[in-house]
Amino acid sequence: MHRSQEILSKPTWSVIRSLYKSMGMTDHDIDLPMIGIANAYSDLVPGHKHFRNLCEQVKYGILQNGGYPLEFGVIGACDGIANGHVGMKYMLPSREIIADSIECMVEGNHLDGLVLIGGCDKIVPGMLMAAARLEIPVAMVTGGPMLSGVCFDGRKSDNSSVAEAYSMLERKLIDERVYYELEDQSCPGVGSCSFLGTANSMACFTEALGMSLPGSALVPAVHAHRYRIAHDTGKAVMEMVRNTIHAKQIITKQSLENAFRLNLAIGGSTNLVLHTLAIAHAGSIPFTIHDIDRLSQETPILAKMYPASDRNIYDFDAAGGVPAVMNHLLPILHGEALTITGNSIEKIYRDIDGSIDSSVIRNLEKPYASMGGTAVLWGNLAPESAVTKPAAIDETMMRFYGPAKVFDSEEEANEAVLKNQIDPGTVLVIRYEGPKGGPGMREMARTMKLLVGAGLGKSVAVITDGRFSGSNNGCFVGHISPEASEGGPIAFVRDGDIIEIDIPSRRITFVVSQEDLDIRKRDWRSPKLDTSSPVLRKFASFASSASEGAIFRYPPRS
């Protein structure tokens with residue numbers, strides 16, 4: 001008996017059957033497996049604008065394979081639209097809301113299976129967090145990237161190009177005509193931003209995790225094959241129902257390690273550190289920042305694309321994409337890990353051709369680097385860890401030493417960059433932007449883009465208890481823990497203190513005597529939480545350290 005029949009069998013549950021019949025369903029329909037479709041469609045998100053059509057294809061696949069599809073809506077916000085202003089404070093909190101709302105809908109309605117349709121930064125991890133909690137079949141369709149825009153500054157443009165161009169405009173390096181043409185032509189259609197940011201990194205992660213179909217991660221949003229993928233995912237979830245394959249059987253410590261290794265090998269977004277830890281916590285899987293650190297030191301970089309090189313995600317996909325990298329990584333993966341196809345990672349990827357274009361994707365014998373897609377740093381500035389992305393950092397900046405210029409918000413730092421108040425060799429310290437202090441742990445993406453546009457991308461470093469975008473390059477260190485509002489050492493840094501960033505040694509420190517540090521600690525007071533928003537106050541109250549994924553830590557049950 002299907003799980004849904006526990007609340008739909010006659011005559012006991014006719015009262016619920018009557019409610020379904022009010023929406024036009026027949027007895028035949030009600031007796032089929034009830035498959036939910038969590039659809040994050042929105043007119044506010046370019047990466048989700050096409051989801052109504054994707055959802056129709058998922059429904060056809062479910063119906064053709066013996067299930068009944070039931071669509072419901074899920075919130076989703078665009079990090080790009082929220083970037084650089086107070087809206088970014090709400091992005092990470094939305095991840096928890098997404099996970100909770102999906103769990104509520106699945107359990108409240110006793111669904112037999114679930115298809116997730118998501119694409120952008122916090123939506124995909126929020127959905128996977130929900131999946132990790134559920135003991136039902138769950139499969140995911142990601143939305144695919146948008147196409148690249150016109151060429152600008154030596155590469156095919158994307159949304160991040162406009163952020164870099166603004167700083168050029170302010171310095172009269174380009175004129176308004178060029179700038180507004182870029183605004184018009186950098187984002188030519190729907191889809192997730194066309195670089196290896198968090199959205200596309202999460203799509204690749206989801207495929208490597210086994211939660212989406214092989215080869216599906218980077219098919220462009222506007223291609224017909226994206227719709228075939230959605231249709232086939234609807235069919236696949238019904239096979240999972242028949243074979244009783246649950247999400248908890250797929251999302252395991254082994255599959256999380258596989259997926260994070262893939263992210264390391266392609267130089268994906270540092271935000272996946274937060275999201276992998278959060279997915280593990282949702283599934284009660286023992287996986288910590290120390291596992292991230294271990295994997296990062298064991299996994300070579302096999303592919304580079306923007307922001308780590310001038311190659312783009314289409315070059316990567318054409319060279320074999322996720323399947324080719326997975327084929328190369330098999331010797332260090334958990335090959336037995338299960339996927340939504342019912343097959344193991346080993347069976348799916350062992351016969352894939354990984355050598356289509358070795359100028360884009362390399363093998364284990366000749367990697368771009370032996371390790372370092374992401375790196376975890378430690379030291380007196382980050383006793384509980386910090387995170388950086390060596391794959392997107394110029395070799396000349398792997399060791400960076402300079403005086404601190406301290407800002408207590410992203411806005412203050414951005415204003416200083418635009419006013420030409422930052423000298424080469426400086427380390428910008430942006431604090432009180434952590435999970436609790438922000439609250440919401442904003443991205444310092446705009447700051448980094450302004451520095452690049454100002455010609456300072458290879459001479460100024462940025463460190464923060466906030467986050468960065470997957471589109472950022474240059475010397476940056478985020479997720480510094482403990483955060484400033486919790487009395488972490490970053491709260492005690494002052495202008496002129498020497499900051500030492502040593503990525504090869506995985507160290508981040510600041511030079512201060514114990515006597516001076518004791519005085520600074522004595523004089524410090526945690527700033528009052530400056531928000532009246534119930535959403536942000538709740539997040540500030542329950543969010544854990546970035547070193548734990550900024551997940552909610554509730555009081556223990558008595």
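Q: How do β1 and β3 pair, and over how many bridges?
A: In this predicted model, strand β1 and strand β3, which covers residues 113-118, pair in the parallel sense over five bridges.

Q: Which residue in β3 is the bridge partner of I37?
A: The bridge partner of I37 in β3 is V115, and N39 stands opposite I117 in that strand.

Q: What sort of unit do β1, α3 and β2 make?
A: Together with helix α3, which covers residues 51-64, strands β1 and β2 make a right-handed β-α-β unit.

Q: OK, so in what order do the strands of the open sheet come?
A: The open sheet is formed by four strands in the order β2-β1-β3-β4, and the pairing is parallel. Its edge strands are β2 and β4, the latter being residues 138-142, and each of these pairs on one side only. On average, and with direction ignored, neighbouring strands of this sheet are turned by 20° against each other.

Q: Which residues sit on which side of β1?
A: On one side are M34, G36 and A38, and on the other are I35, I37 and N39; all of these are buried, and both faces of the strand are covered. As a general point, side chains in a regular strand alternate between the two faces of the sheet.

Q: Switching to helices, at what angle do α18 and α19 pack?
A: Helix α18, residues 410-418, and helix α19, residues 445-453, pack at an angle of about 10°, with their axes 9 Å apart. Because angles under 35 degrees count as roughly parallel, that makes α18 roughly parallel to α19.

Q: Which residues meet there?
A: From α18, the residues E410, A413, N414, V417 and L418 meet R446, T447, L450 and L451 in α19.

Q: How many of the residues in that contact are nonpolar, polar or charged?
A: By class, the contact of α18 with α19 has five nonpolar, two polar and two charged residues.

How values were computed. Residues are numbered from 1 along each chain as its sequence is written. This is a predicted model: local features need pLDDT of at least 70, side-chain atom pairs count only at pLDDT 80 or more; totals for chains, interfaces and linings use all residues. Side-chain values use heavy atoms; hydrogens and water are left out. Buried means under 20% relative accessible area, exposed over 50%, partly exposed in between (1.4 Å probe, protein chains only). Helices (H or I, at least four residues) and strands (E, at least two) are DSSP runs, numbered from the N terminus. A crossover is right-handed if, with the strands pointing away from the viewer, the path from the first strand over the helix to the second runs clockwise. Two strands pair if DSSP finds at least two bridges between them. Axes are lines fitted to C-alpha atoms, for helices over the stretch in contact, and angles run from 0 to 180 degrees between N-to-C directions. Angles under 35 degrees count as roughly parallel, over 145 as roughly antiparallel, 65 to 115 as roughly perpendicular and the rest as oblique. Contact means heavy atoms within 4.5 Å. Ala, Val, Leu, Ile, Met, Phe, Trp, Tyr, Cys and Pro count as nonpolar, Asp, Glu, Lys and Arg as charged, and the others, Gly among them, as polar.
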